[in-house]
Amino acid sequence: MFAAIRPSAVSALNHGVQARNMATLREIQQRLKSVQNIEKITKSMKMIASTKVAKAQRNMETARAFGEASNALFQNAETQATAQGKVVFVAASSDRGLCGGIHSSVSKATRRAIEHTPEAPLVVLGDKPRTQLTRSLRANLAVTFNQIGKSIPTFTEASSVVDILKEQEIEFDSANIVYNKFLSAISYEASSITVYSQDAFKASPNFAVYEIEDDVLAHLQEFNFANSIYWAMVEGHAAEMSAKRAAMENATKNAGEMINKLTMTFNRGRQAVITNELIDIITGASAL
């Protein structure tokens, strides 16, 4: 009697193990399909970012040439802000995510810069840095902008920013624009561009060399401000596209490694199920 009961008990035990293994295999298979879909998405996003990098770099080179020309105007005039002058900070980034530490780089640099003038107003371009800077600099926020970075920035957008700041009557002697400076396809760093007001430029030691009339000087100051913001936005966009490509490349690589591990685990589990079925068959044949 005991000999008859023992094979049935072993068979029930094996069936229970097989059921658990089958459930585990289904979970692994579902997760494997999910990771494979994620790999396809990240690979596609990497390809899209790669196509945008070259165009962003071409626009960046053009904007950088005009921006450096505007800065040369202040450098040749030896313009400097007075110690008691009003300062405004502009944090230039975008609304998009999935691009590494692009936004946190601008936010950290803005916090460090504003420590010396804790009461200075802050203008933020982009939803991502606005969310990060609101936690620590909520009292400094004067104006925020969104819908930034969906495509390559234009000079019209930068001019609109300057017009809105003028409507809000945000006065300053010097404006520090914090942005991500493009260094290479794999690196960037937070930097700043300084723009001076009309009065600060007129007080420059070498201002008389230019012989600029007052009405022309007012338009020149607005153009330089818009041009510098445009430079920061375009260069930040190029750095963002490069960082996004690198981030998606790393995500694709990590997904591939996870797929290999899950495939190995799935194959081992399936082999264990087959082994248990063979044991069940051999045990049943021996009991006959």
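Entry 1. Around the second largest cavity I listed Phe 74, Tyr 196, Ser 197, Gln 198, Phe 201, Leu 217, Leu 220, Gln 221 and Asn 224 as the lining, bearing in mind that this is a predicted model. The volume of this second largest cavity came out at about 40 Å³. Sorting its lining by class, I found 5 nonpolar residues, 4 polar and no charged, and helix 6 gives the most, with 4 residues.

Entry 2. I then turned to the largest cavity, which holds about 90 Å³ of space; of the 14 residues that line it, Ser 93, Met 233, Gly 236, His 237 and Glu 240 are the closest to its centre. Helix 2 (102-114) and helix 6 each supply at least two residues of that lining, and the classes there are 7 nonpolar, 6 polar and 1 charged.

Entry 3. Next I looked up the largest pocket, for which I noted a volume of about 480 Å³. It is lined by 18 residues, and Lys 166, Ile 170, Glu 171, Phe 172 and Gln 221 lie nearest its centre. By class I recorded 8 nonpolar, 3 polar and 7 charged residues in the lining of this pocket.

Entry 4. Last, I checked the packing: the largest nonpolar core has 46 residues, and Ile 177 is among those that touch the most other members. Helix 6 gives the most to this core, with 13 residues. Leaving aside neighbours within four places in sequence, I found Ile 177 in contact with residues including Val 90, Ile 193, Phe 225 and Ile 229.

How values were computed. Residues numbered from 1 in each chain as written. Predicted model: local features only at pLDDT ≥ 70, side-chain atom pairs only at ≥ 80, totals over all residues. Heavy atoms only, no water. 1 Å grid on protein atoms, 1.4 Å probe; cavity = no way out; pocket = protein on both sides within 12 Å on 5 of 7 lines; lining within 4 Å. Points joined across faces, edges and corners; volume = space filled by probe spheres on them. Nonpolar A, V, L, I, M, F, W, Y, C, P; charged D, E, K, R; others polar. Core = buried A, V, L, I, M, F, W, Y, C linked by side-chain atoms within 4.5 Å. Buried < 20%, exposed > 50% of the residue type's maximum accessible area, 1.4 Å probe, protein only. Contact = heavy atoms within 4.5 Å.
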